[in-house]
Amino acid sequence: QVQVVESGGGSVQPGGSLRLSCAASGSIFSINDMGWYRPAPGNQRDRVASIYSGGATDYADSVKGRFTISRDNAKKTVYLQMNSLKPEDTAVYYCNIRGAAWDLREFNSWGQGTQVTVSS
């Protein structure tokens, strides 16, 4: 079983910065994609940023140039550096990690979410 735990959320004024972290633990053989999501209408989640096993990254248009995703494979951790935050970035941010467990079964695990509030 794979556990995913986020940290680093909080409250900040517009224009400020926050750094989110997300660590995976458990029976992990390999990690492929790692990403951050936030809620969307219809009980869906919109992808904010992704980072793939080769290091390539992808961002939602709304955060390009402001957010940076990175990963530390040795620590099984993904980060989201959020700069120039806007009130519309306020949301619960969820981490998603996909990979293979030691029994080679694929896993797709979500964290519990961390609140980010941008307000003056």
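Which residues of the largest nonpolar core touch the most other members? The model is a predicted one. In the model, this core comprises 30 residues, and those that touch the most other members are Trp36, Leu80, Met82, Tyr93 and Ile97. Strands S1, S3 (18–26), S4 (28–40), S5 (44–51), S7, S8, S9 (91–101) and S11 (114–118) each contribute at least two residues to the core.

With residues up to four places away in sequence left out of the count, Ile97 touches Val4, Cys22, Ala24, Ile31, Asp33, Met34, Phe107, Asn108 and Ser109.

Attention now turns to the sheet. Four strands form an open sheet with antiparallel pairing, in the order S1-S3-S8-S7. Strand S1 (2–7) and strand S7 (67–72) lie at the edges and have a single partner strand each, so one side of each lacks a neighbour in the sheet. On average, and with direction ignored, neighbouring strands of this sheet are turned by 15° against each other. Arg71 stands opposite Val78 in S8.

Not counting residues up to four places away in sequence, Val5 touches Ser21, Cys22, Ala23 and Gln112. Arg66 lies 61 residues from Val5 along the chain, and 23 Å separate the C-alpha atoms of the two residues.

Key. Residues numbered from 1 in each chain as written. Predicted model: local features only at pLDDT ≥ 70, side-chain atom pairs only at ≥ 80, totals over all residues. Heavy atoms only, no water. Pairing = 2+ DSSP bridges. Axes fitted to C-alpha atoms, helices over the stretch in contact; angles between N-to-C directions. Core = buried A, V, L, I, M, F, W, Y, C linked by side-chain atoms within 4.5 Å. Buried < 20%, exposed > 50% of the residue type's maximum accessible area, 1.4 Å probe, protein only. Contact = heavy atoms within 4.5 Å.
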